[in-house]
Amino acid sequence: MNIVLINSIGKNKWGGGEKWMIMAASGLLSLGHDIVVVCRKNSILSQRALAKNIPVREIGANSDFDILAWLQFAYFFNKFKPDVVIGCQNKDWRVASMAAKAIGSSAQVFSRQGLQLLKNHWWYKWSVKLFCDGIITNTYTIKKEYESFLPVEKDFIKVIFNGVEEEDKQTKGFDYSGFIPDAVRDPVVILSTGRLAHQKGFKFLVKAAAEIIRNHPNVFFFLAGKGRLENDIKRLIVKKNLQNNFFLIGFHDDIPQLLSTADVFVIPSLYEGMPNSVLEAMIYNLPVVASKVNGVSELIEDGVNGYTVAAGDVQQLINKLTILVEDKDKRKKIGMKGHEFVSENFTVQKMVNEFDSFLRSRIEKKVKQDDSNLAACLDNRNLKMRIAFDAKRVFHNFTGLGNYSRDLIRVLSHFYPDNLYLLYNPKKQKKTVFKYNSSCVCEIRPHNLFFHFLPSVWRQFKILKDLRKDNITLFHGLSGEIPSGLRKSGIKSIVTVHDLIFMRYPQFYSFIDRKIHTIKARYATRNADVVVAVSEQTKRDVVDFFGVSPDKIQVIYQGCQDIYKTRFPSDEIDHVRKKYGLPERYILNVGTVEHRKNILVGVKAIEHINEHLVVVGSETDYAVKVKDYITEHKMQSRVSFLKGVSNADLAMLYQGASLFIYPSLFEGFGIPIVEALNSDTPVITSKDGCFSEAGGTGSIYVDPHNPAELQAAITRVFSDETLKKNMVEQGRKHALKFSDENIADQYIKLYQTLV
């Protein structure tokens, strides 16, 4: 593999991340990979890499929007053709990823985070999803923190521990005696290393040293490092009168020299990743006292192979260091335990092997995903039709239109696997809402970087090139729109129209949204070869508003997801009911809490009867109006609002409900009604419109503007068991019209008439 390791850290900086890069590069080179380290010109990192015969490319990104660095990376990648790019700073992988995408490189770009560099902020989360193929970190603590706010797949973040070299027995130790008066008997040398920065917490160490030295004048502290806080630390040493026992010895190139002749190692950091300095100290048999931050807790078991203290706690530092100062045998025992632990778990070879295995597996996985499935599908000459779908809703809509789209693909591929179903998705899905395991289903996304940033342009105008290339037989727009120019291309097309609510009730939409929806729907219905309406009501609206011939429109009803047809055991249903704190008898409503759904009428309907209403759905500003009414009429204990309910839980809420009400003002079809019928739950819904098509003869229909009429219907159902039983039986029969097989048959027959 061709692997690029990038670190744009400052020229004169050298720390754990840079040590890791040299070790990883050397190890991967030894395994036969082609490696290039990218870093700033004339930096310490560049010098160390060249000294190890590691190829270096000198590029330094100064920000996420460094155009010069972007151009340099693009030029370099075009020549080197990397398979893997690993960036250590956020700006490194962002700029490198943009450059790789710009030249059409298939390189996978990873962020190597030794510290917690990402934040719970939209820019970080968005850029990770767009520019990063995975995160490599060296502690489970950081992985867990990232997973708490990053919406990523389970294997997106990989933990690979740092490695450390076994000590060289011939190392000549650092001579501390020049700092220690000859008269001092049994001096104890406590060493700390690191950049003199706030993160490292050295001011706390100086404060702890003052107390320790007061009681143990034979203790001497040595701090190796440089940084912006050097003068502040010097002043604090003078203030505490520690000039004779606390020494700043500057930057040291050879840390093993310092470790080999010290007695104790201390790291008082406020935050760390997996600190190399602790690993190095442990491999040199030094007992370690370290702040319990991030990766330290994965290295040290307090009192067994080292000691941990709370970050910034001076008294704990004093206590733990004093134990080691006073007990030489304890120092030896703790040092040996630390050495054994690191020798078994943190070798450089183990780290390199894990990197090699991980990168190979990711490359192989990507090749399979990108090539094998699509190639196999497109080369399968036994498939009858190649049907393309506008799959934006399939991958990016979690509710209505998304459910319809996913269900249609599912039933078609199940009942008619002899066709090829190509899902044209304008952008990578943020979280997995649709997985396809069938060889007759393929996802296709734009390859050009330009369309990654403007997916709507590809979806509306540039998709035709891909449709022709893939020899598409038929294009199906699943959500009221089709690409521009499709008719001229000679490709037959169908568009599904779910509703024209934006025209019938324009007050529910902004001016811009209304105009965009109208333009797209008018173009699609007039230019598609066939319009599919999900109800007779929608068919009438298409005719009335757009002047489309009724002969061009075919009504094919929607179904619902399989999970709503699954029968759940009563104990599981009861468990879900208790999970959401609901009573045994409740009335259910499902749908976005918005004005059009009209649930305030449902609230008013139960105001004077002793029933409990459960409303499941996301909320809009209308929800405030509903809740204000509930509070004003002291109904808080009788109405439950639930959000973020899983499909499985929702299916059990349907089956556990005594009644389903749906007083919506207008719908294209009304899938929740079908879901309720499949759940053997009686339905009360609105008169007129499409509601009788969804609800059938077994449901009760009321004026959605009349709470008293809805109240009377609810009371009637609950007081008449025979009526309720009859509603369930007729509802079950009516739901058969929306079976998977029936819907799949209707669509396939329609496709066949066109081709």
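Let's start in a loop: Asn-42 sits between strand β2 (34-39) and helix α2 (44-51). Helices here are DSSP runs of H or I with at least four residues, strands are E runs with at least two, and both are numbered from the N terminus.

Some ground rules. This is a predicted model, where local features need pLDDT of at least 70, side-chain atom pairs count only at pLDDT 80 or more, and totals for chains, interfaces and linings use all residues. Residues are numbered from 1 along each chain as its sequence is written, and side-chain values use heavy atoms, with hydrogens and water left out.

Back to Asn-42. What is its phi? About 60°, a positive value, although Asn-42 is not a glycine. Most residues other than glycine have a negative phi. Asn-42 counts as exposed because its relative accessibility is 51%. The cut-offs: buried is under 20% relative accessible area, exposed is over 50%, and partly exposed is in between, using a 1.4 Å probe and protein chains only.

Now Asn-53. This residue belongs to the loop between α2 and β3 (56-58). At 69% relative accessibility, Asn-53 counts as exposed.

On to surface patches. Patch residues have over 30% relative accessible area and no salt bridge; like charges are joined within 9 Å, and nonpolar side chains (Val, Leu, Ile, Met, Phe, Trp, Tyr) within 5 Å. A salt bridge puts a side-chain nitrogen of Lys or Arg within 4 Å of a carboxyl oxygen of Asp or Glu. Areas come from the Shrake-Rupley method with a 1.4 Å probe; for residues, only the protein chains shown count as cover.

Which residues make the positive patch? Lys-203, Lys-207, Lys-239 and Lys-240. Lys and Arg count as positive, Asp and Glu as negative, while His and the chain ends are not counted. Each charge is placed at NZ of Lys, CZ of Arg, CG of Asp or CD of Glu. Lys-203 is part of helix α7, residues 202-215. Its relative accessibility is 35%, so Lys-203 is partly exposed.

Ile-516 lies in helix α20, residues 511-527. Ile-516 is partly exposed, at 39%.

Last stop: Ala-694, in helix α27, residues 691-695. Buried or exposed? Buried, because its relative accessibility is 0%. Setting aside residues up to four places away in sequence, Ala-694 touches several others, including Phe-669, Leu-677 and Phe-738. Contact means heavy atoms within 4.5 Å. Ala-694 and Phe-738 are 44 residues apart along the chain, with 9.1 Å between their C-alpha atoms.
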